[in-house]
Amino acid sequence: MLHRGRESTDGTGDGGLTVPMAWLYAEYIADELLRSGDLMPPTSFEFRAGRDALALTVFLSDTDGELSGIRVVTRLETWLSLTAYDQPWQEWVQERLRDLSADAAAAGRNAPDPGLELAREAWRWLRETELLAPDLNAVPGGGAVTGEDEGPKVWTPAWQLGLPLGHLAIHLF
């Protein structure tokens, strides 16, 4: 295996390995927020949905490309507002992904941004994967529910479970 000796983190290198640091850092932040909230087991699909929704929020809200450790605390309010119940988060995600793709095309970048590709893949998983969840819109009085695993359930897109989970994790942080 050929070792080039120099890898790039931003795609400006000499054709070496491009590391999607912005996406990896967004995923790390999301993972830490969810783990600190201790809301779901880290091995569950619900945890993954929350992590991916939060990572997308973190990644796509970083308009300056300057996400750093010190700024995480200053961004919490922004992330809370983006993930709030009454916000059109899914439309915002689609718009930001389109804008970032258009910016890359306008800048004449031939190679796809690996961070943007990972963000697109996360969004695809969140949209296309459905998880069985309690039906929060069920008619009350349908009978006594004794355990948390009992009661009406519906198949729900993963982003619809992950987004409130991520929002709650930010609140608990």
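**Entry 1: a loop residue**

I started at D38, which sits in the loop between α1 and α2. The model is a predicted one, and I kept that in mind throughout. I looked up the backbone angle phi of D38 and found it near 50°. That is a positive value in a residue other than glycine. I noted it because most residues other than glycine have a negative phi. Next I asked: is D38 buried or exposed? D38 has a relative accessible area of 65%, so it counts as exposed, the cut-off being over 50%.

**Entry 2: α1 against α6**

I checked α1 against α6. Their axes come within 8 Å and cross at roughly 75°. This angle makes α1 roughly perpendicular to α6. Which residues meet here? From α1 I listed L33, L34 and G37. From α6 I listed L165, G166, A169, I170 and L172. I sorted the residues of this contact by class and got 6 nonpolar, 2 polar and no charged.

**Entry 3: α1 against α3**

I looked at α1 again, now with α3. The two helices pack at an angle of about 80°, and their axes are 13 Å apart. That makes α1 roughly perpendicular to α3. On the α1 side I wrote down Y25, I29 and L33. On the α3 side I wrote down V72, L76 and W79. The classes here are 6 nonpolar, no polar and no charged.

**Entry 4: the core**

I moved on to the largest nonpolar core. How many residues does it have? I found 35. Those with the most contacts inside it are L56, W79, W89, W123 and L126. The helices α1 (21-37), α2 (45-61), α3 (72-83), α4 (89-106), α5 (114-128) and α6 (158-172) each give two or more residues to this core. Of these, α2 gives the most, with 9 residues.

I then picked W123 and skipped residues up to four places away in sequence. W123 touches L56, W89, Q90, V93, Q94, L97 and W159.

**Entry 5: a threonine inside**

My last stop was T57, in helix α2. Where does its surface stand? T57 has a relative accessible area of 0%, so it is buried, the cut-off being under 20%. I left aside its neighbours within four places in sequence. What remains in contact with T57 is W79, L82, T83, W89 and W92.

Terms used: Residues numbered from 1 in each chain as written. Predicted model: local features only at pLDDT ≥ 70, side-chain atom pairs only at ≥ 80, totals over all residues. Heavy atoms only, no water. Core = buried A, V, L, I, M, F, W, Y, C linked by side-chain atoms within 4.5 Å. Buried < 20%, exposed > 50% of the residue type's maximum accessible area, 1.4 Å probe, protein only. Helix = DSSP H or I, 4+ residues; strand = E, 2+ residues; numbered from the N terminus. Contact = heavy atoms within 4.5 Å. Axes fitted to C-alpha atoms, helices over the stretch in contact; angles between N-to-C directions. Parallel < 35°, antiparallel > 145°, perpendicular 65-115°, else oblique. Nonpolar A, V, L, I, M, F, W, Y, C, P; charged D, E, K, R; others polar.
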